Every structure is written in C-alpha cells, then in structure tokens.
Amino acid sequence: MTDPIADYLTRLRNAIMAKHKVVEVPASNLKKEITKILFDKGYVLNYKFIEDGPQGTIKIALKYDAETKTSAIQSLKRVSRPGLRKYTGYKDMPRVINGLGIAIISTSKGVMTDKEASELKIGGEVLCYVY
C-alpha cells in the first residue's frame, strides 16, 4: 500500500456512505493521532485501539444525527499525497469552509488541527481536510 492515510480516509468515507455504525481500520501511530483529533472535534462518536497481532486495528464508531440520519462528517479530502506533498507555513494556514471545517496538519510538534498549529506558530504537511 503506497498511501495508508488515503486508505484510512477511504474506509471512513465508504462506511459513512453505507451508513455503517462501526468501521475497522489497520492501526498506525499517525492514524491513531488522526482518530483522536476526529474524536476531540466531534466528528466520530468513539474509538478503540485493539492490539491484536503486530499491527493492531482501530475500531471507530461513526456519529450520525438522530433525526436526519446524516453523518457528522460531510467530506474527507486527502490533500498531501506521496506523489505531491503539500506543506504550509503558519501564516498561510488553509481555512476549510471559512473556518467551519478542520485541516489536519502533521507538524514537528505532532499531528494537530490548523487552528492549533497557527496558535503555536508552526507549519507542516497538510494531511487532509474534514468538514
């Protein structure tokens, strides 16, 4: 697999389109950090790291609106990819839907949202947009 983050986002996107309640993805440290950010920002209901075998898996409970049955995640878009990396400085931080969505940034201080990176005045690689 050449792009595990794109695979992670695609599994989430497919589970949302199929209205699944839980999705399982192979674990890595970067995927765990992205999952924690999605949980902290209210895009997923819950998550659990399962250590089985050398890699392990992440079980993610997806969040839906009770009345309209729409997902909390409307869009997941991969920005930086192995063939074309996208980096940004803290002054040129991308705004997703004018600040309503989040951009997940991989920085020297760890994986964080665009707002957190701007406050710390550090840039990094733009992994994906979520709204």
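The largest nonpolar core has 25 residues, and those touching the most other members are Tyr 8, Leu 12, Ile 34, Leu 38, Ile 60, Ile 104 and Val 130. By nonpolar core I mean a set of buried Ala, Val, Leu, Ile, Met, Phe, Trp, Tyr and Cys residues joined through side-chain atoms within 4.5 Å. Buried is under 20% relative accessible area, exposed is over 50%, and partly exposed is in between, with a 1.4 Å probe and protein chains only. At least two residues of this core come from each of H1, strand E1 (22–26), H2, strand E3 (57–62), E6 and E8. H1 gives the largest share, 6 residues. There is also a second, separate core of 9 residues, with Met 93, Ala 103, Ile 122 and Val 126 among them. As a general point, nonpolar side chains in soluble globular proteins tend to be buried together.

Two remarks on the source. This is a predicted model, in which local features need pLDDT of at least 70 and side-chain atom pairs count only at pLDDT 80 or more, while totals for chains, interfaces and linings use all residues. Residues are numbered from 1 along each chain as its sequence is written, and side-chain values use heavy atoms, with hydrogens and water left out.

Now the chain as a whole. It has 3 helices and 8 strands, in the order α-β-α-β-β-β-β-β-β-α-β from the N terminus. The radius of gyration is 15 Å, close to the 14 Å that the globule rule gives for 131 residues, so the chain is as compact as a globular protein of that length. That radius is taken over C-alpha atoms, and the rule is 2.2 Å times the number of residues to the power 0.38. Helices (H or I, at least four residues) and strands (E, at least two) are DSSP runs, numbered from the N terminus. The C-alpha trace spans about 40 × 40 × 25 Å along its principal axes. Of the 131 residues, 40% count as buried. Contact here means heavy atoms within 4.5 Å. Among contacts between residues at least 6 apart in sequence, 62% join residues at least 24 apart.

Next, strand E8. How many of its 7 residues are buried? The number is 6, with E8 covering residues 124–130. For pairing, DSSP has to find at least two bridges between two strands. E6 (residues 102–107) is joined to E8 by 6 bridges and runs antiparallel to it; within that pair, Ile 105 has Val 126 as its bridge partner. E4 (residues 76–78) pairs with E8 in the antiparallel sense over 3 bridges, and Lys 77 stands opposite Tyr 129. E5 (residues 87–88) is antiparallel to E8 as well, with 2 bridges, and there Tyr 87 stands opposite Glu 125.

Val 130 has already come up as a core residue. Leaving out residues up to four places away in sequence, Val 130 touches Leu 38, Tyr 43, Ile 73, Ser 75, Leu 76, Val 96, Gly 101, Ile 102 and Ile 104.

On to helix H2, residues 29–40. Its 12 residues reach 17 Å from first C-alpha to last, close to the 16 Å expected at 1.5 Å a residue. The expected span is 1.5 Å times one less than the number of residues. Which residues of H2 are buried? They are Lys 31, Lys 32, Ile 34, Thr 35, Ile 37 and Leu 38. In general, an α-helix has 3.6 residues a turn, so residues three or four places apart point the same way. Just after H2, Gly 42 takes a positive phi of about 85°.

Lys 19, at about 60°, lies in the loop between H1 and E1. Asn 98, at about 55°, lies in the loop between E5 and E6. Asn 98 counts as exposed, at 64% relative accessibility.

Is Thr 113 buried or exposed? Thr 113, in strand E7 (residues 110–113), is buried, with a relative accessible area of 1%. Apart from neighbours within four places in sequence, Thr 113 is in contact with Ile 37, Lys 41, Ile 102, Ala 103 and Ile 105. Thr 2 sits in the segment before helix H1 (4–17) and is exposed, with a relative accessible area of 74%. The C-alpha atoms of Thr 2 and Arg 81 are separated by 9.5 Å, and the two residues are 79 residues apart along the chain.
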